[in-house]
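Please find below my comments on the structure under review. They are set out as numbered points, moving from single residues to the whole chain.

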Amino acid sequence: MEHQVYLGLGSNLGRREAHLQKAVRLVGERVGKVVRQSSVVETEPWGFESANRFLNCVILCHSSLSPRQILTAVKQIEREMGRELPPAVPSPAPKGGGLPRRRYKDRPIDIDILLYDDLTVDEPDLKIPHPLMRERDFVMIPLREIYQPD
């Protein structure tokens, strides 16, 4: 069965546009067919200070993978592309049951699962819909551009 999966992508290190293109290609190979891609928007870092601006976009994939399989695939892509995961900050989870707080830092690629059909997942390391997406214009503007409800 094919699922509609929306992923948010961001890059603020190195050849940002090339990183986004490579990540889209790898997602297409490992997660599912990329059927739509938003425009790329340039934004200030969110949640931390940096002189490096982000390029962000959202893609829609048709995938037969489970949410957990997709998480594994995108985290592997991030690692292969040079992303170092910052340690979790020893503090309570954010209000609303978000993911454990992490110290954000510059990164060549970031891939977040935003939506998976109309499914809700609430696990310690996997939250769908993404709990912070509505707070982030760099997610919501590109998402609105390509969103296609079933």
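1. Glu78 is a residue of helix α2. The model is a predicted one, and the remarks on this side chain should be read accordingly. Is Glu78 buried or exposed? Its relative accessible area is 3%, and the cut-off for a buried residue is under 20%, so Glu78 counts as buried.

2. The surroundings of Glu78 can be listed by contact. Setting aside residues up to four places away in sequence, Glu78 touches Arg83, Ile109, Asp110 and Ile111.

3. Helix α2, which spans residues 67–80, packs against helix α1, residues 16–30. The angle between them is about 140°, and their axes lie 10 Å apart. The crossing of α1 and α2 has a right-handed sense.

4. Which residues form the contact between the two helices α1 and α2? From α1 come Leu26, Val27 and Arg30, and these meet Ala73, Gln76, Ile77 and Glu80 of α2. Sorted by class, the contact of α1 with α2 comprises four nonpolar residues, one polar residue and two charged residues.

5. Cys57 belongs to strand β4, which runs over residues 54–63. Its relative accessibility is 1%; since buried means under 20%, Cys57 is assigned to the buried class.

6. Where does the chain come back to Cys57? Apart from neighbours within four places in sequence, Cys57 is in contact with Leu7, Gly8, Leu9 and Leu20, with Gln37, Ser38, Ser39 and Val40, and with Pro142. For Leu20, the separation from Cys57 is 37 residues in sequence, while the C-alpha to C-alpha distance is 8.1 Å.

7. As to the overall architecture, the protein contains three helices and seven strands. Along the sequence these elements follow the order β-α-β-β-β-α-β-β-β-α.

8. Contacts across the sequence may be summarised as follows. Among contacts in the protein with a separation of 6 or more, 73% are between residues 24 or more positions apart.

9. Finally, burial and surface. Of the 150 residues in the protein, 45% are buried.

Notes. Residues numbered from 1 in each chain as written. Predicted model: local features only at pLDDT ≥ 70, side-chain atom pairs only at ≥ 80, totals over all residues. Heavy atoms only, no water. Axes fitted to C-alpha atoms, helices over the stretch in contact; angles between N-to-C directions. Helix = DSSP H or I, 4+ residues; strand = E, 2+ residues; numbered from the N terminus. Left-handed = near helix turned anticlockwise from the far one by under 90°. Contact = heavy atoms within 4.5 Å. Nonpolar A, V, L, I, M, F, W, Y, C, P; charged D, E, K, R; others polar. Buried < 20%, exposed > 50% of the residue type's maximum accessible area, 1.4 Å probe, protein only.
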